[in-house]
Amino acid sequence: MNEYPLTSKLRRGETDVLAIHCGDYRFQSAFQEFLNSGLHLDGNYDLIVIPGGPLSLILFDYLPKFNWASWKWLRFFVENHKIKRLILIQHQDCAFYRSMPLHLHSSPEPRQRQEQDLRRVRTAMVKDLPHVAVESYYAGWNATDNIVIDSVLP
Ligand SMILES: [Zn+2]
């Protein structure tokens with residue numbers, strides 16, 4: 001059996017932050033940098049990583065089992081860790097969105113579809129978990145391949 005000693009230590013105490021983003025390998029270090037340094041969370045957050053990120057939270061009719069599971073996981077963290085702040089991140093060129101039928105959104109433009117979904121999650125959260133504050137972000141890249149993250153307004 002191999003052992004991999006790390007410098008990381010178990011984080012003790014509590015968190016009230018949950019982040020949800022896609023698992024696309026191209027963005028993982030940027031997401032971590034954004035959460036840890038950009039938002040100053042320094043590793044103090046729960047995390048759900050699923051294809052399409054927050055998308056599965058609004059697929060009530062199209063993929064009801066995905067939707068059910070995603071809300072189950074979200075509620076698990078909210079109830080067990082007293083989550084008060086939810087951070088949703090969508091990203092440019094998300095392959096999961098290419099599998100989604102166009103009729104589910106009001107626009108064929110990918111970024112508008114993703115921002116529409118972020119607003120839909122916020123609306124659902126206000127109704128079902130009103131004590132949780134929702135922040136929405138969109139990650140893309142610029143001409144030099146640096147990742148840039150923008151806030152998505154409600
Ligand atoms: Zn993705």
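Predicted model: local features only at pLDDT ≥ 70, side-chain atom pairs only at ≥ 80, totals over all residues.

H4 itself runs over residues 110-128, 19 residues in total, and spans 27 Å from first to last C-alpha, close to the 27 Å expected at 1.5 Å a residue. At its start, a side-chain oxygen of glutamate 109 comes to within 3.2 Å of the backbone nitrogen of arginine 111.

The zinc ion takes its protein donors from Cys22 (SG), His91 (NE2) and Cys94 (SG), at 2.1 to 2.3 Å. Their spacing in sequence is C-x68-H-x2-C. Cysteine 22 sits in the loop between strand E1 (17-21) and helix H1 (28-38), and histidine 91 belongs to strand E3 (residues 85-91), so this pair ties together parts 69 residues apart in sequence. Cysteine 22 counts as buried at 6% relative accessibility, and histidine 91 counts as buried at 0%.

There are 4 aromatic pairs in the structure. Because phenylalanine 34 lies in helix H1 and tyrosine 137 in strand E4, the pair joins parts 103 residues apart in sequence. Phenylalanine 34 is buried at 15% relative accessible area, as is tyrosine 137 at 10%. Phenylalanine 76 and phenylalanine 77 also form an edge-to-face pair, 5.3 Å centre to centre and 70° between the planes. Here phenylalanine 76 is partly exposed at 45%, whereas phenylalanine 77 is buried at 17%. Ring pairs also link Phe27, Phe31 and Trp141 into a cluster.

Definitions and conventions
Residues numbered from 1 in each chain as written. Heavy atoms only, no water. Donors = N, O, S within 2.8 Å, 3.2 Å for Na, K, Ca; no water. Helix = DSSP H or I, 4+ residues; strand = E, 2+ residues; numbered from the N terminus. Buried < 20%, exposed > 50% of the residue type's maximum accessible area, 1.4 Å probe, protein only. Expected span 1.5 Å × (residues − 1). Polar contact = N/O pair within 3.5 Å; in protein donor to acceptor, adjacent residues only side chain to side chain. Phe/Tyr/Trp six-rings, centres within 6.5 Å; stacked < 30°, edge-to-face > 60°.
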